[in-house]
Protein chains: 2
Amino acid sequence: MTVQESQAEELLHRFRQGDVRALARALTLVESGHPVGQELLKRLRGQARAKVVGITGSPGAGKSTLTDRLILEARKRGERVGVLAVDPSSPFTGGAILGDRIRMMRHHQDPGVYIRSLASRGALGGLAGATVAALALLETFGFDRIFVETVGVGQSEVDIARVADTTLLVLTPAAGDAVQAFKAGVMEIADLFAVNKFDLPGGERIIQELKSALELAPPRPGGWHPPIYPTVAATGEGVEALFEGLEAHYQHLVAHGLLEAHRLERARFEVESVIQEWGRKRTQGAGDLVARVARGELSPEEAALALLDPKARP
Amino acid sequence: MTVQESQAEELLHRFRQGDVRALARALTLVESGHPVGQELLKRLRGQARAKVVGITGSPGAGKSTLTDRLILEARKRGERVGVLAVDPSSPFTGGAILGDRIRMMRHHQDPGVYIRSLASRGALGGLAGATVAALALLETFGFDRIFVETVGVGQSEVDIARVADTTLLVLTPAAGDAVQAFKAGVMEIADLFAVNKFDLPGGERIIQELKSALELAPPRPGGWHPPIYPTVAATGEGVEALFEGLEAHYQHLVAHGLLEAHRLERARFEVESVIQEWGRKRTQGAGDLVARVARGELSPEEAALALLDPKARP
């Protein structure tokens with residue numbers, strides 16, 4: 001047994017006993033790409049299943065406050081809840097997001113809730129491979145439901161839909177929010193919509209616009225019709241109905257045998273992410289090849305081939 | 001000489017004579033990944049240089065109208081202009097974008113302007129590899145300046161900054177536009193800002209917000225300070241100053257020897273894109289491997305290794 005294997009063994013033992021500190025340690029190891037984390041994941045893979053809910057939407061839509069309320073609903077029903085809050089890594093965003101997240105901290109007193117913040121790959125990048133690995137870990141720890149909250153800027157919204165069982169898009173009556181959703185093609189991704197801050201003017205109009213747009217949208221697997229929920233996360237209004245909607249979507253997946261397809265799509269996403277990450281790293285380390293591409297001596301395809309197969313290096 | 005080589009030879013001959021139909025044909029071949037397109041690119045690579053300006057910003061910011069005006073400015077100065085308009089491929093966006101683009105069509109009468117629309121990879125995907133290949137072709141055709149207009153939804157904004165010499169971010173006084181820019185980390189990417197639709201209320205406020213945010217931003221190469229231009233694309237107001245700003249940025253790159261670094265970054269992006277595309281295709285075609293990852297029998301890393309190196313297939 002190698003040192004890594006025996007370290008993984010010991011951590012695994014505590015992890016399986018439900019030791020939250022072992023979970024925290026395992027998440028750190030996985031996030032940093034440490035071999036012990038890899039070993040741990042390998043042993044835990046395919047062992048458990050939680051309901052995974054992705055929560056996305058534009059900045060300022062109130063996603064964190066809504067997640068906070070959804071945690072309460074889940075706890076009322078006796079569920080154990082894990083939360084992954086994915087932050088973009090830009091220095092410009094730190095402050096505001098941290099402020100929202102602090103509200104969720106009250107759950108830290110509750111042993112039935114575990115909250116973890118993760119940095120995403122880049123300021124605008126999609127979900128990092130590490131996020132999906134962290135999610136895989138959380139799933140095997142015995143949570144009933146896991147919320148993955150991402151700041152919705154483009155790619156991460158598409159990624160979350162590939163990773164989660166259920167994807168919730170949070171909008172507000174703010175000008176431009178609906179337009180943004182339609183233009184960005186997010187309409188095709190969300191399983192449910194929350195029109196949050198519904199106490200602001202314009203909420204009904206957004207609902208009508210969403211309804212019209214959804215009538216034109218392509219049909220969903222199993223004939224699912226994405227419902228729209230007005231919510232006021234600050235007061236909790238509408239959150240119970242929204243939670244029931246999340247549960248209804250999950251039951252729809254089960255009833256129509258669609259869960260398996262979701263899990264396959266997530267695995268596909270994981271493999272693609274690994275290849276993309278390798279491509280990025282190897283390209284960063286190949287200054288000479290890149291310079292030859294820039295000078296037109298080599299096509300990008302030839303350089304890619306050389307990077308992926310050392311024996312074919314031209 | 002293979003059939004492909006002789007076809008490429010004939011097309012190359014007409015391309016070099018400045019035949020616009022040969023350019024159009026070549027772009028189609030490159031966009032579809034046809035071998036003759038590959039052959040053509042190989043022969044033309046590294047031969048010419050245009051000033052490449054990326055134009056991005058949220059949907060509805062008036063990017064197409066502004067591009068239309070910038071084309072006029074370039075033509076006033078006797079420049080030959082190429083335009084790549086990258087459309088997201090979502091069915092929900094087609095209409096609105098097409099409408100804006102029609103305005104640009106008036107330039108089709110002008111032999112000094114060539115406009116081409118390209119579909120991006122996915123509804124929310126970044127710039128497709130095909131877009132960069134099309135750009136490489138345009139550059140060798142003899143244009144003095146090339147505008148690449150992308151609908152700014154996350155990843156494509158980051159991508160455009162890696163591909164263009166100069167990146168222009170178009171904002172409007174609309175609520176949420178500035179916030180969006182700060183949160184998404186786009187501040188760090190743009191070389192110039194246009195606050196378009198400046199005749200609407202709130203323009204001055206956005207400029208002040210941008211200025212404050214830029215004071216906190218990390219320093220740029222060569223000490224560049226991103227300028228902010230108020231514009232009204234509909235009337236052309238402020239567009240001449242903006243055009244001069246684009247030119248000033250290019251001259252800054254030249255004066256500080258930064259162009260080369262930009263070209264290397266673009267080459268790096270091209271190689272990464274090829275690897276990412278291969279990863280996606282191979283993963284799509286590997287149902288069995290993906291199923292084993294989903295069942296936890298194989299880690300994503302093991303599956304990726306197997307996909308990239310057939311000899312290592314477990």
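Lys197(A) is placed in the loop between strand E6 (192-195) and helix H9 (203-216) of chain A, where helices (H or I, at least four residues) and strands (E, at least two) are DSSP runs numbered from the N terminus. The phi angle of Lys197(A) is near 55°, a positive value in a residue other than glycine. Most residues other than glycine have a negative phi. With a relative accessibility of 33%, Lys197(A) counts as partly exposed; buried means under 20% relative accessible area, exposed over 50%, and partly exposed in between (1.4 Å probe, protein chains only). In chain B, Lys197(B) lies in the loop between strand E6 (192-195) and helix H9 (203-216). Phi of Lys197(B) is near 55° and thus positive in a residue other than glycine, and Lys197(B) counts as partly exposed at 32% relative accessibility.

The model is predicted: local features need pLDDT of at least 70, side-chain atom pairs count only at pLDDT 80 or more, and totals for chains, interfaces and linings use all residues. Residues are numbered from 1 along each chain as its sequence is written, chains are lettered from A and ligands numbered from 1 in the order in which they are written, and side-chain values use heavy atoms, with hydrogens and water left out.

Chain A contains 13 helices and seven strands. Of its 314 residues, 58% count as buried. Among the contacts in chain A with a separation of 6 or more, 78% are between residues 24 or more positions apart, a contact being heavy atoms within 4.5 Å.

Asp165(A) is located in the loop between helix H7 (155-163) and strand E5 (166-171) of chain A. At 1% relative accessibility, Asp165(A) counts as buried. Its side chain makes a polar contact with the side chain of Arg263(A) at 2.8 Å. A polar contact is a pair of N or O atoms within 3.5 Å; within protein, one must be able to donate a hydrogen and the other to accept it, and residues adjacent in sequence count only if both atoms are side-chain atoms. Beyond four places in sequence, the residues in contact with Asp165(A) include Lys51(A), Asp191(A), His249(A), Tyr250(A) and His262(A).

In chain B, Thr167(B) belongs to strand E5 (residues 166-171) and is buried, with a relative accessible area of 2%. Thr167(B) and Leu192(B) are 25 residues apart in sequence and 6.6 Å apart in space, C-alpha to C-alpha. Not counting residues up to four places away in sequence, Thr167(B) touches several residues, among them Gly54(B), Thr56(B), Ile160(B), Asp191(B) and Leu192(B).

Helices of the two chains also pack against each other. Helix H12 (residues 287-294) of chain A and helix H11 (residues 259-284) of chain B pack at an angle of about 105°, with their axes 8 Å apart; axes are lines fitted to C-alpha atoms, for helices over the stretch in contact, and angles run from 0 to 180 degrees between N-to-C directions. H12(A) is therefore roughly perpendicular to H11(B) (under 35 degrees counts as roughly parallel, over 145 as roughly antiparallel, 65 to 115 as roughly perpendicular and the rest as oblique). Val290(A), Ala291(A), Val293(A) and Ala294(A) in H12(A) meet residues of H11(B) including Arg263(B), Leu264(B) and Glu270(B).

The axes of helix H11 (residues 259-284) of chain A and helix H13 (residues 300-308) of chain B come within 8 Å and cross at roughly 65°, so H11(A) and H13(B) are roughly perpendicular to each other. Residues of H11(A) in this contact include Val274(A) and Trp278(A), and those of H13(B) include Pro300(B) and Leu308(B).
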